[in-house]
Amino acid sequence: MGYEFISYEREPNSIGILTINRPHVLNALNWDTLGELREFLEDVLPKEELKALIITGAGDKAFVAGADIAQMNEMKERDFQDYVDYAHRVYELIENERCPSIAAINGYALGGGCELALTCDIRIASEKARLGFPEVKLGIFPGWGGTQRITRILGLGKTKELVFTGEMITAEEALRIGLVERVVPHDELMNEARKLAGAIAKRGPIAVRLSKTAINAGSEMDLQKALLLEKTLVSLCFDSRDRVEGMKAFLEKREPMFTGE
Ligand code: CO8
């Protein structure tokens, strides 16, 4: 895999680490980086059959500082529309990826970078991380799914406060308002992300995958339809060998050996 702007490593326990790798511009996402991400997500990731994917940024300073402002500045309106569409497609691929994803936020997560973190299932941040949506300072607003995904997590008032002011918040504040799930010492970020991924990787993969679908798809439905979806998906789990193994292992007082079948 000859990537220039991203890197990928597969670790033991079927955990993958995907790194956005343009540290000289704080990992800002330009066309080429989005292109590599798309290729990775469409062509490589499905074959990896991971149990968890960690997404982080290269270097010590940034997760992703947003869309590439220098490149956007050169765009004509038509290119800009394509850029927005393309980023939406990439972000949907992450959001709908079968395996759970964890954003390990190692520094600035701004604009499109914070929106990238929002496509992940779980966010864990270094205490040095700074998050925000500074787009209004540039005369645009969070348009890579941000206004919609933030609202679903934070509610209307907090979303508007962050989006209208464009101000950055600390990792602790992000934890307090529910924008991240955990804050850890900077040097321990990747270990903590690996531990979290490892805890997920030990569980029944079908159960984890279908619970992700139930939670994500269900949150877009009214309660009655969502409950129906939940009943259908949990019944699929019941039909799996992993369910038989999980319950048997409990009764035999041993760790389950899940095979994903
Ligand atoms: N794009 C391009 N280059 C960037 C970006 C970026 N988003 N962020 C930082 N850089 C570059 C800087 O220009 C600088 O390059 P150089 O060394 O050549 O001057 C290098 O990275 C280092 O940055 P700084 O010197 O600025 O580092 P500081 O520590 O002084 O500041 C900050 C760090 C506060 C993070 C600062 O770099 C900053 O404010 N960056 C911009 C953050 C931002 O505004 N992000 C939002 C971008 S817009 C966006 O994401 C829109 C998504 C949706 C678009 C589509 C719908 C409309």
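Colleague: Which helices and strands each supply at least two residues of the shell around the ligand?

Modeller: Please bear in mind that this is a predicted model. The elements that each give two or more residues to the ligand shell are α2 (69-73), α3 (77-95), β6 (108-110) and α4 (112-119).

Colleague: How many residues surround the ligand, and which are the closest?

Modeller: The ligand is surrounded by 26 residues. The closest of them are K61, A65, A67, I69 and G112.

Colleague: And how do the residues of that shell divide into nonpolar, polar and charged?

Modeller: The shell consists of 17 nonpolar residues, five polar ones and four charged ones.

Colleague: What lies 2.8 Å from a nitrogen atom of the ligand?

Modeller: That is a backbone N or O atom of A65. For oxygen atoms of the ligand there are two further cases: a backbone N or O atom of A67 lies 2.7 Å from an oxygen atom of the ligand, and a backbone N or O atom of G112 is likewise 2.7 Å from a ligand oxygen.

Colleague: How much of the ligand's accessible area does the protein cover?

Modeller: On its own the ligand has 1,100 Å² of accessible area, and the protein covers 66% of that.

Colleague: Let us turn to the aromatic residues. How many aromatic pairs does the structure hold?

Modeller: There are five aromatic pairs in the structure. One of them joins W31 and Y83; this pair is tilted, at 5.5 Å centre to centre and with 55° between the planes.

Colleague: Why does that pair tie together parts that are apart in sequence?

Modeller: W31 belongs to helix α1 (residues 31-48) whereas Y83 belongs to helix α3, so the pair connects parts that are 52 residues apart in sequence.

Colleague: Are the two partners buried or exposed?

Modeller: W31 counts as partly exposed because its relative accessibility is 27%. Y83 has a relative accessibility of 0% and therefore counts as buried.

Colleague: What kind of aromatic pair do Y83 and W144 form?

Modeller: Y83 and W144 form an edge-to-face pair, 5.3 Å centre to centre with 70° between the planes. This pair also links distant parts of the chain, since Y83 is in helix α3 and W144 is in the loop between β8 (130-132) and α5 (146-154), 61 residues apart. Both Y83 and W144 are buried.

Colleague: Which residues do ring pairs link into a cluster?

Modeller: The cluster linked by ring pairs consists of W31, Y83, Y86, Y91 and W144.

Colleague: Where do charged ends sit over rings?

Modeller: I can name two places. The charged end of R243 sits over the ring of F238, 3.7 Å from its centre. The charged end of R22 sits over the ring of F5, at 5.6 Å from the ring centre.

Colleague: What about N27, is it buried or exposed?

Modeller: N27 is buried, at a relative accessible area of 0%. It is found in the loop between β2 and α1.

Colleague: Finally, where is I169?

Modeller: I169 is in strand β9 (residues 169-170). Its relative accessible area is 13%, so I169 is buried. The C-alpha atoms of I169 and F258 are separated by 41 Å, and the two residues are 89 residues apart along the chain.

Technical notes:
Residues numbered from 1 in each chain as written. Predicted model: local features only at pLDDT ≥ 70, side-chain atom pairs only at ≥ 80, totals over all residues. Heavy atoms only, no water. Near = heavy atom within 4 Å. Polar contact = N/O pair within 3.5 Å; in protein donor to acceptor, adjacent residues only side chain to side chain. Areas by Shrake-Rupley, 256 points an atom, 1.4 Å probe, with all protein chains shown as cover. Helix = DSSP H or I, 4+ residues; strand = E, 2+ residues; numbered from the N terminus. Nonpolar A, V, L, I, M, F, W, Y, C, P; charged D, E, K, R; others polar. Phe/Tyr/Trp six-rings, centres within 6.5 Å; stacked < 30°, edge-to-face > 60°. Buried < 20%, exposed > 50% of the residue type's maximum accessible area, 1.4 Å probe, protein only. Lys NZ or Arg CZ within 6 Å of the ring centre and 35° of its normal.
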